[in-house]
Amino acid sequence: MYINFWYPICTSEELTTEAPKLVELLGVRLATFRDSTGTAQVLSDTCVHRGGSLSQGKIEGDSVTCAYHGWSFDGSGKCTKIPQIKDGKIPARAKVDAYPVHEAYGVVFAFLGLSLIHISEPTRQEAISYA
């Protein structure tokens, strides 16, 4: 398996700002969504709090909110809201894995590897073969 690779996640039109979308790729469950600016985001689907599925939650601004206890995560994977914490001091370890995203040719790609060094963006031919 080539982990250091751009993988097609879905077509651009499949991804909306209305609800997160679950994508399973190479045995990895991913929550995909568009933030308030329309930018595609790809996160691990598992909420770090109690293991809820982020793709079953809702999109609120630039974050996806877990349906289980309401924790929210932005496109970088950082937790932006924990409803039970009133003073706003969210622990730094409250985060989920986030993946680099590239959208081109009507396809949303995510890079699941460890380093983007020397890895070019997906080509038009790769996008055509997906669609």
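The accessible surface of the chain comes to about 7,600 Å². Carbon and sulfur atoms hold 51% of this area. Accessible areas come from the Shrake-Rupley method with a 1.4 Å probe, and for residues only the protein chains shown count as cover. The structure is a predicted model: local features need pLDDT of at least 70, side-chain atom pairs count only at pLDDT 80 or more, and totals for chains, interfaces and linings use all residues. Residues are numbered from 1 along each chain as its sequence is written, and side-chain values use heavy atoms, with hydrogens and water left out.

The chain has 131 residues, and 41% of them are buried. Buried means under 20% relative accessible area, exposed means over 50%, and partly exposed lies in between (1.4 Å probe, protein chains only). Among contacts with a separation of 6 or more, 43% join residues 24 or more positions apart. A contact requires heavy atoms within 4.5 Å.

The chain contains 11 strands and 1 helix. Helices (H or I, at least four residues) and strands (E, at least two) are DSSP runs, numbered from the N terminus. From that terminus the order is β-β-β-β-β-β-β-β-β-β-β-α.

Strands β2 (residues 21-25) and β3 (residues 28-34) run antiparallel and are joined by 5 bridges. Two strands pair if DSSP finds at least two bridges between them. Lysine 21 has threonine 32 in β3 as its bridge partner. The β2-β3 hairpin has 2 residues between the strands. In this hairpin, leucine 26 adopts a positive phi near 55°.

Leu26 also belongs to a nonpolar surface patch with Ile3 and Val28. Together the three residues have about 210 Å² of accessible area. Patches are made of residues with over 30% relative accessible area and no salt bridge; like charges are joined within 9 Å, and nonpolar side chains (Val, Leu, Ile, Met, Phe, Trp, Tyr) within 5 Å. A salt bridge is a side-chain nitrogen of Lys or Arg within 4 Å of a carboxyl oxygen of Asp or Glu. Valine 28 lies in strand β3. Valine 28 counts as partly exposed because its relative accessibility is 30%.

A disulfide is a covalent bond between the sulfur atoms of two cysteines. The criterion is a pair of cysteine sulfur atoms within 2.5 Å. By this rule the count is 0. The sulfur of cysteine 47 has its closest cysteine sulfur in cysteine 66, at 4.0 Å, and is therefore too far away for a bond. Cysteine 47 is buried, at 4% relative accessible area. Cysteine 66 is also buried, at 5%.
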